[in-house]
Each structure stands twice: as C-alpha cells, then as structure tokens.
Amino acid sequence: MKIKLVKSLIGSKKDQIATAYSLGLKKIGDVTEQPDNAATRGKVQKIVHLVAVEED
C-alpha cells in the first residue's frame with residue numbers, strides 16, 4: 001500500500017507524529033510503500049486524517 005502525507009504534522013499529538021515518522025513520513029507530499037498487514041493498517045488508522053492511502 002502507498003501512503004502519502006497530505007496534511008502537516010504541526011499541531012498533531014506526539015504519538016501521531018511518532019507514528020508518521022515510523023512510516024517514513026516527515027514532510028507534506030512524502031510517499032512511502034508499506035506492506036499491507038495489520039500493523040501498518042493500525043498505524044494508518046491512527047493518523048488517517050493526515051494521510052491518503054492508495055491500495056495496490
């Protein structure tokens with residue numbers, strides 16, 4: 001699955017920022033390819049309001 005950061009991390013909670021960093025997302029527009037598993041889906045669910053997800 002491809003995950004793209006579409007909203008700024010400024011003003012987000014510390015755990016949400018850490019989740020974005022763990023997915024490899026630091027700046028708006030960053031895109032990362034992650035495996036489609038339960039762990040990744042849990043991380044995406046935590047920051048769903050900040051990212052856009054494209055399933056392969």
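Start with Arg 41, which is partly exposed at a relative accessible area of 39% (buried means under 20%, exposed over 50%, and partly exposed in between, using a 1.4 Å probe and protein chains only). This is a predicted model, where local features need pLDDT of at least 70 and side-chain atom pairs count only at pLDDT 80 or more, while totals for chains, interfaces and linings use all residues. Residues are numbered from 1 along each chain as its sequence is written, and side-chain values use heavy atoms, with hydrogens and water left out.

How many salt bridges does the structure hold? There are three, a salt bridge being a side-chain nitrogen of Lys or Arg within 4 Å of a carboxyl oxygen of Asp or Glu.

| Salt bridge | N to O distance |
|---|---|
| Asp 36 and Arg 41 | 2.9 Å |
| Glu 55 and Arg 41 | 3.0 Å |
| Lys 46 and Asp 15 | 3.1 Å |

Asp 36, Arg 41 and Glu 55 are linked in a salt-bridge network. Glu 55 sits in the segment after strand 3 (51–54) and Arg 41 in helix 2, so their pairing ties together parts 14 residues apart in sequence. Helices (H or I, at least four residues) and strands (E, at least two) are DSSP runs numbered from the N terminus.

Lys 46 is partly exposed at 39%, and Asp 15 is partly exposed at 37%.
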